[in-house]
Amino acid sequence: MKFKELLESRENPYSGTPIIAFLGDSVTHGAFENTEGGSGCVFDFAAVYHNRLRLMIAQKYDWIPVSIINAGVSGDSAAGGLQRLERDVISHRPDLCVVCYGLNDVGGELQSYTDALRGIFTALTQAGIETLFMTPNMLNTHVTDAVTDTFIVYAEATAGMQNGGKMDAFMQAARQVAFECGVPVADGYEMWKQMQANGMDITELLANGINHPCREMHGMFAELLYETIFGAESTMPEPEDAPEPEPEQDEQLVPLEFEQPEQENEQE
C-alpha cells in the first residue's frame with residue numbers, strides 16, 4: 001500500500017506526521033460493554049483497534065509519530081458517515097482512511113448501504129486519500145447474560161439477522177462495492193466466520209453480547225490491518241504477554257551532612 005511506502009520514505013523524525021483516519025460506528029468509536037443509564041456503553045479508547053494499530057506501527061517505525069483521527073460515532077451508519085465525511089475526514093487530509101460499516105446498516109435496506117459505501121469510497125478517492133475497507137465482526141447468534149435488560153429485544157433481532165443470512169448478504173455486497181471502486185479489503189468478517197466454522201461460539205467474543213467485539217478481538221482487527229498495510233505480522237505482544245517491569249530495588253537513603261559554616265569571632 002502507498003501508506004507503507006510513505007512511512008518507509010520518512011528517514012528522520014523531521015519529515016512530518018503521517019495521518020490515518022478511521023471512519024465507522026460504535027466499534028471504531030471505542031464502545032465495549034453496554035450499561036444501564038448514562039452513555040449506555042463503556043468506552044475504552046486505549047483498547048480500541050486503531051490505538052493498538054498505532055502502537056504496532058510505533059514499534060516498527062519508532063521515529064515516526066503517526067497521528068490517528070477517530071471518526072467513529074456510536075449508532076452511525078454508512079449513510080451518516082457519507083454525510084459527515086468532509087468535516088470529519090477529508091478536511092484533515094489524512095494519508096489513509098480506514099472505513100468500517102455494516103453493523104448498524106444491516107437493520108436497513110441493502111441498496112442504501114451499498115450506495116453510501118460507494119459514495120464514501122468515491123469521495124475519498126477523488127480527494128486523493130488512500131482508502132481501505134475493513135469488514136466488521138459478526139453479530140450475536142443467540143442472547144446471553146451479557147445483554148442488559150434494555151437491549152434484549154435488540155439482541156434477539158440482531159441474532160435473527162445473523163442467523164438468517166442478512167449480515168452475510170450485506171458483507172458480500174460490501175466486498176463487491178469495494179472491488180468495483182478499487183478499494184482493498186481487510187476482511188475481518190471472514191475471520192469471524194472461520195472462527196465460527198472451527199466451533200467457536202462467536203457470541204462469547206462480543207463485549208456487549210450483541211455487536212461490540214471484546215478487547216482481544218480488537219487486537220485481532222489491529223493485527224489484520226497491520227498485515228494488510230505492511231504485508232507481514234507485527235511483533236507486538238498482547239498486553240497480557242508484555243513483560244512486567246522489574247521492581248525497583250529499595251535504596252538506603254543516606255542523610256546528607258552539611259558542614260556548619262565557621263562563625264567569625266565577634267569583635268569586642
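When I talk about helix axes today, I mean lines fitted to C-alpha atoms, taken for helices over the stretch in contact, with angles running from 0 to 180 degrees between N-to-C directions. With that in hand, hello everyone, and let's look at helix 9 and helix 10. One thing to keep in mind is that this is a predicted model.

Helix 9 covers residues 188–197 and helix 10 covers residues 215–230; their axes come within 10 Å and cross at roughly 125°. Angles from 65 to 115 degrees count as roughly perpendicular and those over 145 as roughly antiparallel, so helix 9 is oblique to helix 10. As for handedness, the crossing of this pair is right-handed. Who meets whom here? From helix 9 we have Gly-188, Met-191, Trp-192 and Met-195, and they meet Met-217, Met-220, Phe-221 and Leu-224 of helix 10.

Helix 10 has another partner to show you. Helix 3, residues 49–60, packs with helix 10 at an angle of about 50°, and the two axes are 8 Å apart. That angle makes helix 3 oblique to helix 10, and helix 3 passes helix 10 in a right-handed crossing. On the helix 3 side, the residues involved are Tyr-49, Arg-52, Leu-53, Met-56, Ile-57 and Lys-60. On the helix 10 side, the list includes Arg-215, His-218, Phe-221, Tyr-226 and Phe-230.

Where does Asn-137 sit? You will find Asn-137 in the loop between strand 6, residues 130–135, and helix 7, residues 152–163. Is Asn-137 buried or exposed? Its relative accessibility is 1%, so Asn-137 counts as buried.

Now let's move to another loop, the one between helix 5, residues 85–88, and strand 5, residues 96–100, where Val-89 lies. At 0% relative accessibility, Val-89 counts as buried. Beyond its neighbours within four places in sequence, Val-89 is in contact with Ala-21, Leu-23, Ala-71, Arg-84, Pro-94, Cys-97 and Leu-124. Take Leu-124 from that list: Val-89 and Leu-124 are 35 residues apart in sequence, and their C-alpha atoms are 8.8 Å apart in space.

Arg-93 is found in the loop between helix 5 and strand 5 too. With 48% relative accessibility, Arg-93 counts as partly exposed. Its backbone is worth a look as well: phi of Arg-93 is near 50°, a positive value in a residue other than glycine.

A quick word on cysteines. A disulfide is a covalent bond between the sulfur atoms of two cysteines. How many disulfides are there in this model? The count comes to zero. Cys-181 counts as partly exposed because its relative accessibility is 24%, while Cys-214, at 16%, counts as buried.

Finally, let's step back to the whole chain. Its secondary structure comes to 10 helices and seven strands. Of its 268 residues, 46% are buried. And among contacts between residues at least 6 apart in sequence, 76% join residues at least 24 apart.

How values were computed: Residues are numbered from 1 along each chain as its sequence is written. This is a predicted model: local features need pLDDT of at least 70, side-chain atom pairs count only at pLDDT 80 or more; totals for chains, interfaces and linings use all residues. Side-chain values use heavy atoms; hydrogens and water are left out. Helices (H or I, at least four residues) and strands (E, at least two) are DSSP runs, numbered from the N terminus. Buried means under 20% relative accessible area, exposed over 50%, partly exposed in between (1.4 Å probe, protein chains only). A disulfide is a pair of cysteine sulfur atoms within 2.5 Å. Angles under 35 degrees count as roughly parallel, over 145 as roughly antiparallel, 65 to 115 as roughly perpendicular and the rest as oblique. A crossing is left-handed if the near helix is turned anticlockwise from the far one by less than a right angle, and right-handed if clockwise. Contact means heavy atoms within 4.5 Å.
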